Every structure is written in C-alpha cells, then in structure tokens.
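Thanks for coming, everyone. Have a look at the model on the screen, and then I'll walk you through a few strands.

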Amino acid sequence: MKINNSTLFFFLLLSIFCLSALAEKNQASNGSTILFTTMGSSTFEFDIFTLPTSRHPPSPSDEHRLTDGKSINFNGHLASPSPALISLLPNTSGVQPQDQSLLHLIYVTERDGTPTLHYDVVHGDSNKANVQVPLLSDQQSGMNVNSMKDTPVLTNEHLIYVSTHENSGKPMASWAAVYSTELRTKSTQRLTPPGIADFSPAVSPSGNWTAVASYGEKGWSIVSKELSTDIYVFLTRDGTQRVKVVEQGGWPRWTDESTLYFHRKSDDGWISVYRATLPKTGPVSTKTVTVNRVTPSGIHAFTPATSPNNNDFIGVATRRPGSEIRHVELFDLKKNEFVELTRLVSPNSHHFNPFLSPDSSRVGYHSCRGDKTGRKNPRNLLQRLKTTSDDLSLFRFDGAFPSLSPEGDRFAFVTFTGVFVVNQDGSGLRQILSHMGFGTVWDPVRHGILYTSSSPTLAFIAPGVVSGKDQMDILAVNVDAPNPSTAVRKLTTNGQDNAFPWPSPDGKRIVFRSARSGTKNLYIMDAEKGEAGGLFRLTNGNWNDTIATWSPDNNWIVFASNREYIGTLLMDLYVVHPDGTGLRKVAQNLTGGVSMHPMFSPDSKKIVFTTTYAGISAEPIGNPKFNVASSEIFTVNLDGSDFARLTHNSVEDGPPLWFPKIKVTGDVAWPTRFGASCAFEDFKSQNSTGKMNKRVMM
C-alpha cells in the first residue's frame, strides 16, 4: 500500500482530534464540586426529647432523649403502633405492639444531609438501643434526590407528610405539598392541588380530615408577612372537598372532628393560640366557623400541640416577656393558665414545635443541647449530599463563603469571628484575619494569596444586620506569610463599601463592587497595584450591582443586580463581558425574586446561585429566626436554559461556590469540635419583629 503525504496528513489530523476528544472526556470525567453553607445548620444539633405532662414541676431527670444524639433530628410525632407501621420493623426487632413501655416516634432527620423521615421504636430502658427504620427512602431518586420531607403524621395505614419533590411550575412559588403514602404498598398520592403549597398537616382523630396551613391561590411572596397563611381542610383519602376554614392562621391541630387549634398574630401584636369550631352539620366555610382566642396577650404562644379528645390542655411554644429563649409549656384549658415545663429543665436552651402522645401522657419537642446531652462527636467540616450525577459532588460546609485553593489542598472560609484556612481533612486550622470578611477567593496564579473584603469595625449587630460596611476595603492576604503583621495588603483605601473581590483567571485583574459613587456598582482594578493602578468602571447606574465572579474562560462576569427594581430588595442575575459589552439578563424566570451569589462552573457553561425561586418549604415560625426569607441552591446554563434545583431546606442555603472536584468522597469531621454549640438566636420580641424582618431582608 502506498501512502502519500496527503494520507499521512489526514491520519495526523485524525489522531490529534481523537487525542483532543479523549483529553476533554477525561477532563470532564474528573467532575466538579459545589460547596455551600446552610445558615445555622452546623450549630443546630437538634435532638427530640419528651417530658411527662403530669409531673409539675418537672425535673431534669424526667426528661428523656428519644433520638440518637448524633444527627440533626426534629419535628417529631408520637404514633399509635398500627399494624402497617409495625410491618416496617425487621423480624429480629422483637417489638411487641402491645408493650406500653415503647414509644413509636416518626420524625425528620438530616443524617443523610437532607431532611428525610425515620421511624424509631424507643425503649423506656435507656440501656436498650432504638430500633430505627428509614421511611420513604425509595422515593429519594431522580432530579429531586435531595427533596425535603417534613411534619409527618400517621393515620391508620397511611403516612401524611410534606415533600418538595415536585416543581410547582411557577416562579417564586413554594414546592411544598402534602402527600399520603400507604405504608405497606408504598403507593403515594398528592393531596395538595397543583400550583398550591401546603404546610404543617394535621389529621383528625378519625383520620377522615386533614388540615393544613396554606397561602392558597394567592401564593407566597417575598414580601409576605410572617404568619400570613390561611387554614384549609380536605378529605385525607384523596384531597377533595377542600375548603378554607380560617383566614390568617397557621399550624393547625385537631382535638376532635370539629375542633382545631392554631396560631395567629393578634391585633395587639402578640402571637396567640386560637380555637376554630367547625359546624357539625351544614356547609363549612370561614363564615360558619367560630374562632375564639385561647391564650392571653402578654405572652407569645404558638405552634400548638393537641391529642385526640383532650379538652383539658394543649402544648404550646412560648416566648415570655424579657426572654429571648423559646420554651415549651402546657396551657390549661380549664383554668386558662400556663404550666411551665422546659424552662424548669433546661432554662437556657431553645425548645421547638411541641407534640403530644396519643394518650396525652407525654409532650415531645426538639431542642439543641450540644455537649450538655453528651454529644461527643465533632461537627462535620464537610457533609456530602446526594446528587444525580457522578460528575458533580455537593457538600455542605461548616463556614461561610468557602473557597478551594488552586492546588486543591485547603479551604478558606468566614465566620463571625474572622477568616480561616483549613486543610481538606480538617487539619491545620488557622485564623488569618481577626475580623469577619465578605467573601473569600484565592489568587489563581500567586500561591497562598487570598482575597477578601473586611474592616476592623465589620460586625453583625443582629441577624442580617451588618455594621462597618462603609469602612470596608478589598484585602490581599498572604496566608503563608511568616509575619502576620505584613501578611495583609489593602487594594482599596477609601472604605466605601468595597466588597466581594474576584480575580480574573489569569490573575491580572480583580472585579469588585463599591459604593464610592453613592450606589453599588462594579469596578475592575489591577490585582497587584489595586486601585492605585487605576479603575475601570464596569457598570454605572443608580441601582445596586454586587457579588460579581469571573468565568474561568475569561469571557464573562456574572453578578446580581436590582436594576429592574431600583430601591427594592429584588435581585436578578446578569452577565457582561469584562470590557463592559454584551450585558444581558441570565434567565427571565428569575424575575421578581431574590437571586444572588452567582458563580460559574469550572467549564464556564453553567452558573450556580442562590434564589427564592422555590419560595419557602415550611412554616417559618417552626425554625429559629423565622423572619428570615430562605433561599435554595440552583444551577442554570449560561444561556438561561436547564434550570435545576440542588438543595431543599426550610432555612437559608448559600452562598455556593463551584470548583474542580475535591478529593474527599464522604463526610469530613473536624478533628476537634470547632465553634460554639447551639449558637443561634430565636426571632426578636414583639416590638422589634416587624422592623427586624425588613432589616434582615436588606
């Protein structure tokens, strides 16, 4: 066979093409990692406890911890052991349904990184281990592998619960809906109508009726007030005969087939528990339902707990005047007075979302005690969540603004007390800045150089409220400098809210936001000379542009802006070329919400960000700081297509950062406990809640 020069050239080109394709495939197969933070999650350390309702006053020895002391466990329900529930237990459990010493607990746990449901049989003898059974684990699949499950209730053969696994199909609308699963067959049906969001289901003693808190047809809005749901009732078997029974009410709980307790914010400013009496005959509507206030003014009382046909008392969470601690109490319906419980057992711990046993003998709740209840296991530095792709790993990080060094060997992150670096395995923790910062990002070229924005006066004076921003500057920190006094270099000097620096892929320039013109716009400066080397103004307007990041291919800068809603809190995502041309909005379906903290994928084809697109996933009052609007982590293609949700949570997720895949493949625990346990606050008291809500959203 004769081979001429043309043939050789053809084979050479073919070889180059194949090698190039193979290299691209290998590079893609290496995958990538998204790191993010869940607000307060690492400090929650919730467990579920019970106290007897008949012992007054209770003592610490009366309290019984029901859950494992390792996971985040909350929102419990004490069930009667139906045959269907018992059928879920392994044959070796030895559980006898008639054994009155056993408690059958169904609850939410985050042991897999996402809120899922578990069933535990709890022995009265603390020396015996609980029998634990995961519920609905076979439903955690597909694109919604991390969907949230919440507020479970058992009725006869069915489990009623909230799930966020179905897209609402509408922007800025909650995905939370109520479902019913037959425990033996796993057959599941949605009880909530399409396009509607329901929360906090409760089932009547007969099992015939379910009550929910819902925003109904009007839906949730970013400007919705706290405690602004209504209460609806429908048939448990199929969701039909749905009717609104109470306006302005939440957290419904039945005592009998015609009596519901719920909470609402009263005209006098106090959150109180109310009773709704439904007519036993004739049509049911808000006009035919009788509503009476149960708990008096002067004490916030909310998230009521009831038990079947118990007309003597209810359980409530309270916030008493002068106290910042949430406690669980009973309210005597005959004497119209509170009976204190948890304050007498653990006065400085928060206690959430009470529930009563079917026979009314015990009240349950979840509380964060940390070391005080024997939690010896360190918190996780990294907690891995499930994803639908082997090429993408998703980790919750114990710290804000986590960034990966170019060498892939260590992280930088922020806490309220400063800026830190740590190795991937949790070792080598060092504080490199003694005051908190806004953002962290490593220089892609200069080894050990970290950029952040901070000032000595920067501090959180309240949840979401920051002081000292007007003195903030962009800093370059040499994390390996032998002399800490010479490690920090200012790249801006005017202190006009200069924040969120991000270097270009070649390390030559930095984009950042600054309020030097009176509003926040984007600027680009030399990475070494700083603003002394001159500034290029990337955006210019009387709006706020912020949190800009550079694409790895150097073509785009993505940022958040309220330019379509000047003077409001609403933010959309935009991209622009580094020379200021090509400005466009990323995705039209984000309009009307708050989308922030964007960052490109390593291949520059996708953007990860936080957004309120999916609304809220639970009644906010069931969480600490319930007046903080929640965001979730989403991704979108650069052209605005392929919109995908990654996290499902009832509290704030973010900011996310996207890097080449990290080496670790599972959870990574701190070698020793890092940070304070249970370091979170509850919502502010009566006179400040409304003001706080507006300031938090700012």
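Predicted model: local features only at pLDDT ≥ 70, side-chain atom pairs only at ≥ 80, totals over all residues.

Quick ground rule before the strands: I call two strands paired if DSSP finds at least two bridges between them.

Residues are numbered from 1 along each chain as its sequence is written, and side-chain values use heavy atoms, with hydrogens and water left out.

How confident is the predictor? pLDDT is its confidence in each residue, from 0 to 100. The mean for the protein chain is 87, and 88% of the residues reach 70 or more. Residues 5-29 are below 50, and that stretch has three contacts in the model beyond near neighbours in sequence; by contact I mean heavy atoms within 4.5 Å. Residues 686-698 are also below 50, with 25 contacts beyond near neighbours.

Okay, the overall picture. The protein chain has four helices and 51 strands. Of its 698 residues, 57% count as buried, where buried means under 20% relative accessible area, exposed is over 50% and partly exposed is in between, using a 1.4 Å probe and protein chains only. And if you take contacts between residues at least 6 apart in sequence, 54% join residues at least 24 apart.

Let's start with β13, residues 209-214. Five of its six residues are buried, so this strand is largely enclosed by the rest of the structure. It pairs with β12, residues 198-203, in the antiparallel sense over four bridges, and there F199 stands opposite A213. The two form a hairpin with five residues between them, and G207 in the turn has a positive phi of about 85°. β13 also runs antiparallel to β14, residues 230-235, with six bridges; T210 has F234 as its bridge partner there.

Next up, β27, residues 392-397. How many of its residues are buried? Six of the six, so β27 is largely enclosed by the rest of the structure. In a regular strand the side chains alternate between the two faces of the sheet. Here both faces are covered: L392, L394 and R396 are buried on one side, and S393, F395 and F397 on the other.

Who are the partners? β1, residues 32-36, pairs with β27 in the parallel sense over five bridges, and F36 stands opposite R396. β26, residues 380-385, runs antiparallel to β27 with four bridges, and a hairpin of six residues joins them. L382 has F397 as its bridge partner.

Last stop: H597, in β46, residues 595-600. Its relative accessibility is 17%, so H597 counts as buried. Leaving out residues up to four places away in sequence, H597 touches F401, I547, V608, F609, T610, P655 and P656.

Notes:
pLDDT = per-residue confidence, 0-100.
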